[in-house]
Amino acid sequence: MLNYPYGQNSIAPGIIVTPDNGNANLKVPTDTFSIYVNEEYVGDKILIAQGDLGKNSVKEYLMNQGFTDFSYTIDGKNIYIDTYEENAKNMINYLKVYLRIR
């Protein structure tokens with residue numbers, strides 16, 4: 001018969017479990033942002049790593065690709081990008097590739 005020194009259903013000594021009251025700034029596996037360009041849904045940006053730029057990673061990517069004339073608004077878990085109609089199609093194509101590889 002097995003002998004459990006702290007009881008069969010107890011937590012091992014030395015492990016402290018505290019409730020998360022929403023104060024932790026750690027990334028969780030489900031962190032995503034829905035991306036919209038001129039109100040058209042493009043896809044979801046999944047935050048992969050703790051060092052990811054998070055909310056600004058899409059903006060930084062677009063700027064690195066040469067896009068400069070756009071507005072970038074974050075509302076909750078949505079990112080809204082507004083740009084001229086001439087830029088929108090090209091920007092959407094770049095973002096679709098970016099969202100697939102990231």
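Trainee: In what order do the elements of the protein chain run from the N terminus on?

Mentor: They go β-β-α-β-β-α, where helices (H or I, at least four residues) and strands (E, at least two) are DSSP runs numbered from the N terminus. This is a predicted model, so local features need pLDDT of at least 70 and side-chain atom pairs count only at pLDDT 80 or more, while totals for chains, interfaces and linings use all residues. Residues are numbered from 1 along each chain as its sequence is written, and side-chain values use heavy atoms, with hydrogens and water left out.

Trainee: Why are α1 and α2 called oblique to each other?

Mentor: Helix α1 (residues 57-64) and helix α2 (residues 85-101) pack at about 120°, with axes 11 Å apart. Those axes are lines fitted to C-alpha atoms, for helices over the stretch in contact, and the angles run from 0 to 180 degrees between N-to-C directions. Under 35 degrees is roughly parallel, over 145 roughly antiparallel, 65 to 115 roughly perpendicular, and the rest oblique. The pair is therefore oblique.

Trainee: Which residues in α1 and α2 meet?

Mentor: Ser-57, Val-58, Tyr-61 and Leu-62 in α1 meet Met-91, Tyr-94, Leu-95 and Tyr-98 in α2, with contact meaning heavy atoms within 4.5 Å. By class, that's seven nonpolar, one polar and no charged residues. Here Ala, Val, Leu, Ile, Met, Phe, Trp, Tyr, Cys and Pro count as nonpolar, Asp, Glu, Lys and Arg as charged, and the others, Gly among them, as polar.

Trainee: What makes Lys-89 exposed?

Mentor: Lys-89, in helix α2, has a relative accessible area of 63%. Buried means under 20%, exposed over 50%, and partly exposed in between (1.4 Å probe, protein chains only). So Lys-89 counts as exposed.

Trainee: And why is Asn-38 called partly exposed?

Mentor: Its relative accessible area is 24%, so Asn-38 gets the label partly exposed. Asn-38 is found in the loop between β1 (32-37) and β2 (40-46). In sequence, Lys-89 and Asn-38 are 51 residues apart, yet C-alpha to C-alpha they are 9.9 Å apart in space.

Trainee: What is the phi of Asn-38?

Mentor: About 50°, a positive value, although Asn-38 is not a glycine. Most residues other than glycine have a negative phi. Glu-39, in that loop between β1 and β2, has a positive phi too, near 70°.

Trainee: Is Glu-39 buried or exposed?

Mentor: Exposed, because the relative accessible area of Glu-39 is 73%. As for the chain, buried residues make up 25% of its 102 residues.
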